[in-house]
Structures are given as C-alpha cells and as structure tokens.
Amino acid sequence: MGKLRGSRVDAVDRRGVVRNPDLAAAGARLRAAQGAVRQMELDTGVQYSANAAVQRARVSEQGFLPPPFAGESYNLIDVSLGVSYSLDWWGRNRALVSAAANAARSEEAEQAAARLAVAALVADAYFALANAQAQELLAQQQLEKRRTALAIEQSHLDRGLASPYLVRVAEQALAHTEDAVRRSGYEVRAWRYRLALATGRSPDQAQTLPKAQLPAPVALPSVLPLDWLARRPDVVAQRWRVQAAGDVSDATRAEFYPNVNLLLLVGLESKSASQLLSRSASTGSLGAAVHIPAFNVNNLQNRLGTREAEYAVAVGEYNRTVLDAARQVVDSYAALDAWEQREAFQQHALKAADQVEALSVSRYRNGLTGRSESLGAEISSLSQRQRETETRAAQLRASVALFHALGGSWEPSQE
C-alpha cells in the first residue's frame, strides 16, 4: 500500500486481495456486467433467424379448396432464413449499449473499491497485530522486573529494613502487570483471527500468519491531494452510474419517435424433398415495419418520468459519495496530524526515559543506590516504550485510513 510496500504487510496484503470473498463477488458482478454489454450489442444489432419445418397435411373435402386438392394429403417442406435490422434513427439502441457499458465500468470501479477496502482492512489489522505483539513482549519484560522488585522488597521486609506497605505496593504493581500481560495476549489472539479472516483464511490458520512488525512511521504529506477524490473508485463508480442512468433516459425518450425495422426473408418451400432445391421452390420477401407509438404515449411518459427520477437519484448518490469522501479525507488527515505530533512527543519522552534508566543503572553499579531504584527506572522506560509503540501503531493505522480515503493509487482504465 503506497509507502508501505516492501514490508511484510505487503505479502499479507496480496494474500488478502486474492482470497477475500468480497473480491470474488465483485469479480463475478463485473463479469456479469461485461456479459450484459455483449448481450445488449447482440440484441440491438442485425438479427438472424433460420427455420426448417416438415408437415404432413390433409385438405378437407368440405373446405374452400376444390378438387383435386380437396380430400388429398400432402407433405410440406419449408426452409427459411430471415434477417432484420432496426435503423435506430433516434439513437435508442446506441443509448442502451452505452448504458450497459457504463454499468460495466461502474462494476469495474466497484471491484477496485472492494480491493482497496480489503487492502486497507488487512494493513490496519496487520499494524494492530504488530502493536499487540509488541505490547505483550514489553509487558512480559515488565513482569519479570516487577517480580524482581517484589522479591527485593520482601527480602527487605524479612530483614526488618522495609515496611509491609512497600511490599503491598510491589504486589499490587505485579498484579496490574500480570493483568496487562493477559490483556495483551488476548489482543494478539483477537487480531490474529481478524487478520486471518481478512485474508481469506479460516480461524484455525491464524497461527500460520507471519510475525507482524511495525515499520517506521509515515510522514504526513505536505499537500493534501484532494484531486485524488475524482479517481477514488467509489466516486468513479457513482459517476458511471449517473452516465448509465442518463443513457437509459435517452433511450426511453427515443421511444417517443417512430421506429423502422428492415425485414428480409428467403427460403425454400416444396411438397416433396426431391423438388426442394429447385428454383421453382424458392420464396422470399423484403419489407419494412414501422412502429408508431401513437396509442401508448401515457405509458411512455410514465416510463420516462421513472427513468428521470432514477437519474436524479443517481446524481444525488454521486454528490453524497463525494461529500462523504471529502469528510473521510479531512477526518483521516486530522487524525494523522494529531498522531504525528504525539509521536514526536513520545519519541522525546522515550529518549528522556532511556537516559534516566542509563543513569540509574550506572548509579547502581557504582554503589550509589540500591537495585530498587534502577528497577524502577527500567520499568518506567518499558512503560514509556509501550506508549511510544502504541502511538506509532496508531499513526500507521491513521496513514492507512488516509490512504483509503484518498482512493489509493488506482486509476480508471477508461474515462
């Protein structure tokens, strides 16, 4: 995903794009839309027909035909080929083909939107899992130091060098850290399951996922490329829907005008198979059929009103999608800006905590203080590292949200 390419999240992301069922459904809808385009092209083009019939008939003796036909039975063999074509003077067929093509383009954009959503979901879950795993590791390190601190305070109490109060404080801190380890373990399992499902795996395959890692934070862009909104897949999909709805309205409007169909029929007709291929057995006709919508104007007006209302709905949906996209970009940008500022503060605080830890350990090694003081500095440094890791993960997840809101790097194949 953008600047995140090259990390392990890229490999997990590609698996998610391939295996996610939402993408499979989007691909199927695109294929169906493409098939509808081809079918519309065939339905509005030149139409061909071929027919063959063999009949055994008897002429009634009481009918209109006189002898020698009356009372006779005979065979009738008929083979014919027909061709018809609508002149489409008013562009109805062209509008219908264009509507189907625009609907297919909309489905293509929807497929890209689904792919982008899956990529963002996978990346977000990956960074959340990486944070949970880092928090669990840091909590376990804190737990070991808490146990050491409790053992020291208990030893001091046994020798009468400390009060029970300090032991109880150490026990409370140990219990709190143990609970943090359990919570971190739960978060790791939960995000593993979510990442597995996002990548099309079953929950029992969650343990096969690679260990997640947090890369360096992504810097906030100096200029917000709002022009990307025009290329955002869901916005493009809505734009194609508007054009498709307009094409359908144009096709309905063309139905108010007369339509002319050209008809050509050639064939062979004979009472016996031996004479079927003779010149005397040939038949044919050529003509034109004119359709004049003079008696169904009310139906056409109602249909046109419906199509224009559908066009207005499509325009409204497009405007709503653009506004929602702009809101998502602004919200994501503001969140990323806030997390970036907090990350800078946490980096400064972590540096200060590491310096305090180094000084405290040096004092302990030089015999200037006890082990309890250096342990406290080490635990404080680990706590600060937890906050810094959490902030860095939140910044990365905000970057993913902004990348998603801007529409990623997808560009329509056709405009």
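Predicted model: local features only at pLDDT ≥ 70, side-chain atom pairs only at ≥ 80, totals over all residues.

Trainee: In which helix is Q111 found, and does Q111 count as buried or exposed?

Mentor: Helices (H or I, at least four residues) and strands (E, at least two) are DSSP runs, numbered from the N terminus. Q111 belongs to helix α3, residues 92-158. Buried means under 20% relative accessible area, exposed over 50%, and partly exposed in between, with a 1.4 Å probe and protein chains only. Q111 counts as buried because its relative accessibility is 17%.

Trainee: How is the span of a helix such as α4 read?

Mentor: The expected span is 1.5 Å times one less than the number of residues. Helix α4 (residues 164-198) has 35 residues and reaches 51 Å from its first C-alpha to its last, close to the 51 Å expected. Just after α4, G200 takes a positive phi of about 80 degrees.

Trainee: Which residues touch the most other members of the largest nonpolar core?

Mentor: A nonpolar core is a set of buried Ala, Val, Leu, Ile, Met, Phe, Trp, Tyr and Cys residues joined through side-chain atoms within 4.5 Å. The largest has 27 residues, and those touching the most other members are F127, L129, W191, L195 and L214. At least two residues come from each of α2 (21-43), α3, α4 and α7 (371-405). Helix α3 gives the most to this core, with 12 residues. A second, separate core of 9 residues includes L229, V235, V329 and A398.

Trainee: How many bridges join strand β1 to β2?

Mentor: Two strands pair if DSSP finds at least two bridges between them. Here 12 bridges join β1 to β2, and the two run antiparallel; S49 stands opposite G82 in β2. Strand β2 (residues 73-86) is also joined to β3 (residues 259-270) by 10 bridges, again antiparallel, with S86 opposite N261 in β3. In turn, β3 pairs with β4 (residues 282-291) in the antiparallel sense over 10 bridges.

Trainee: Why does β1 lie largely in the open?

Mentor: Strand β1 (residues 47-58) has 12 residues and the number buried is 0, so it lies largely in the open.

Terms used
Residues numbered from 1 in each chain as written. Heavy atoms only, no water.
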